[in-house]
Amino acid sequence: MQQNELIPHLFRTEYRKIISVLCKLFGVEHIATAEDIVSDTFLLAAETWGLKGLPNNPAAWLYMVAKNKAVDFLRRDTLFKQKISNVLQEQDMADTTPEIDLSTKNISDSQLQMMFAICHPAIPAEAQIGLSLSILCGFGAEEIADAFLSNKETIYKRLARAKEKLRTEKISIAIPAQQEIESRLHTVLTTLYLLFSEGYYSASQNTGLRKELCLEAMRLNLMLTEHEQTNIPAANALLALMCFHASRFEARINKQGEMVLYEEQDETIWNKALIQKGEYYLTRASTGNTLTKYHVEAAIAYWHTHKADTLEKWENILQLYNKLLQIEYTPIAALNRTYALSKANGKKEAIIQAEKLQLTNNHLYHSLLGNLYTSIDDAKALQHTKQALALAKTTADKETILKKINSFK
Amino acid sequence: MKEFLLIFRREHIASEPALSPEQLQAMMKPWQDWIGNIAAQNKLANSGNRLEADGRVLKTGNIVTDGPYVEIKEAIGGYIIVKANSLEEATELAKGCPILMVGGNVEIRTIVSMN
């Protein structure tokens, strides 16, 4: 790897590790200091390596420098506290070197603990995602802004408020106690689910970045399944869901960067290894007796990895959506369920139910009705498709709908 | 929005024949599709429960009988709770309930909020 690629690469892989260890060590009130130390370390790396060439073990070099800077900070901080509080201690300051544990185990534990701190119920969901991207994924404010279709200033403010909240709520960087772990994990899973969805469905045109978001969500989720305390069925189900969706990364966007609809995708480029991973985690999720929405959604995604349009497939998908809607209503689930209804029970029945959904402000609702009325009442089909075009917000959506309108002519 | 209890009644059958998994699935599909229709409109408050045929009735003086079926022929088979703006709308949701296909009926009752 070239040096100009190495530093960004190391930043992506090592930033989160070092920062998690330092935050854990300093306490949540010193996140900014930890961030400064890690940024300074990378800055120094860029300067030093440019002049003197690469060290033998670049990652170890980063750890060493960050460690020294952390020791300096702790010494200064302790000194500062002693001066302020006028507490004189017997021991000589110079003799006490703070312990900084950069073992693989501590790095991995610290990241997991950091994840729980960030995904604390006191932090708003949007800020949780931002903080996760910034601290656990090493994303810059610019990249986060791009993913959220926002600007850098807004993201800076949002991150600053979230960090302030971590401080004022005195949120500790630790794995929650056994009796709260299930409910706290629920928040963590929600954040990972949103993070993945942000990448998978985001309106951002930057497809590389979107894929990166999905992969980061998967990496963090994988971490949960690798720790005994957090390896619960729901975490495995969510990871299965992500694997199934991710298997279509290459097929769902064409060379021009346009979305390719599921029906039109080339299934030979679906990633079979990821589908198998998904099946593996779905099997691991099938223990215990709680059925979460992640289980149901993963099962739906599993059936979508079968391209052939069989009645068995759509009947299974319909029943899964029936179940999902009983667990949690969302407009998108209601729309997808109605599509499955048309495939399993026929268009006529689906039209009757679709008309009752009343999601008239949603472009997908009109796209669905346009699809259902096609070849039953083409005039109505066209009318709904035009309505969908008027309501669609992103260029990609508009292009897809325009193609459909042209197909009527 | 108010909540309404939908009670399914049908003729009491003392012992239901054991169903094969396929038969059970075939029996459940219309129910799941019907409940799914309501849930897709975001009008399902509670998926409710199915009730077994077997039951007891306790009367004043600790008299226990084998269910209400002695005096009336119909028995409650299950219930769900729906959300609707009016009794009329709730009745509209009840249409299509699979109990109607086997000669049963749906009783629609407004739930009185205890708050």
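Ser110(A) is buried, its relative accessible area being 0% (buried means under 20% relative accessible area, exposed over 50%, and partly exposed in between, with a 1.4 Å probe and protein chains only). The residue belongs to helix 4 of chain A, residues 104-118; helices (H or I, at least four residues) and strands (E, at least two) are DSSP runs numbered from the N terminus. When residues up to four places away in sequence are not counted, Ser110(A) touches Ser20(A), Val21(A) and Lys24(A), contact meaning heavy atoms within 4.5 Å.

The model is predicted: local features need pLDDT of at least 70, side-chain atom pairs count only at pLDDT 80 or more, and totals for chains, interfaces and linings use all residues. Residues are numbered from 1 along each chain as its sequence is written, chains are lettered from A and ligands numbered from 1 in the order in which they are written, and side-chain values use heavy atoms, with hydrogens and water left out.

## Packing of helices 8 and 10

Two packed helices are described by the angle between their axes and the distance between the axes. In chain A, the axes of helix 8 and helix 10 (residues 233-246) come within 11 Å and cross at roughly 5°. Helix 8 of chain A is therefore roughly parallel to helix 10 of chain A. Axes here are lines fitted to C-alpha atoms, for helices over the stretch in contact, and angles run from 0 to 180 degrees between N-to-C directions. Angles under 35 degrees count as roughly parallel, over 145 as roughly antiparallel, 65 to 115 as roughly perpendicular and the rest as oblique.

Helix 8 of chain A contributes Leu189(A), Leu192(A), Tyr193(A), Phe196(A), Tyr200(A) and Tyr201(A) to this contact, where they meet Ala234(A), Ala235(A), Leu238(A), Leu241(A), Met242(A), His245(A) and Ala246(A) of helix 10 of chain A. By class, the residues of the contact comprise 12 nonpolar, one polar and no charged. Ala, Val, Leu, Ile, Met, Phe, Trp, Tyr, Cys and Pro count as nonpolar, Asp, Glu, Lys and Arg as charged, and the others, Gly among them, as polar.

## Interface between chains A and B

The size of an interface is often given as the accessible area lost when the parts come together. Chain A and chain B bury about 1200 Å² between them, with 45% of it on carbon and sulfur atoms; buried area is the accessible area (1.4 Å probe) that two parts lose on being put together, summed over both. Gln326(A), Tyr329(A) and Arg337(A) supply 40% of the area that chain A buries against chain B, more than any other three residues. The contact takes 14 residues from chain A and 12 residues from chain B.

One salt bridge is counted between the two chains, a salt bridge being a side-chain nitrogen of Lys or Arg within 4 Å of a carboxyl oxygen of Asp or Glu. Lys29(B) pairs in a salt bridge with Glu315(A), the closest N and O atoms being 2.8 Å apart. Asn42(B), in the loop between helix 1 (21-40) and strand 2 (44-50) of chain B, is in contact with Tyr329(A) and Lys83(B), leaving aside its neighbours within four places in sequence. Asn42(B) is partly exposed, at 30% relative accessibility.

## Salt bridges within chain A

Over all chains, the structure holds 22 salt bridges. Glu35(A) and Lys163(A) form one with an N to O distance of 2.8 Å. Glu35(A) lies in helix 2 (residues 31-52) and Lys163(A) in helix 7 of chain A, so the pair ties together parts that are 128 residues apart in sequence. Glu35(A) is buried, at 12% relative accessibility.

A salt bridge of 2.8 Å, N to O, also joins Glu250(A) and Lys211(A). Glu250(A) sits in the loop between helix 10 and helix 11 (272-285) of chain A and Lys211(A) in helix 9 (residues 207-226) of chain A, 39 residues apart. Glu250(A) is partly exposed at 49% relative accessibility, and Lys211(A) is partly exposed with a relative accessible area of 32%.

## Positive phi angles

Most residues other than glycine have a negative phi, and most peptide bonds are trans. Lys170(A), although not a glycine, has a positive phi of about 50°. Lys170(A) is placed in the loop between helix 7 (152-168) and helix 8 (178-201) of chain A and is exposed at 70% relative accessibility.

In chain B, Asn62(B) has a positive phi of about 55° and is likewise not a glycine. Asn62(B) lies in the loop between strand 3 (57-59) and strand 4 (63-65) of chain B and is exposed, with a relative accessible area of 64%.
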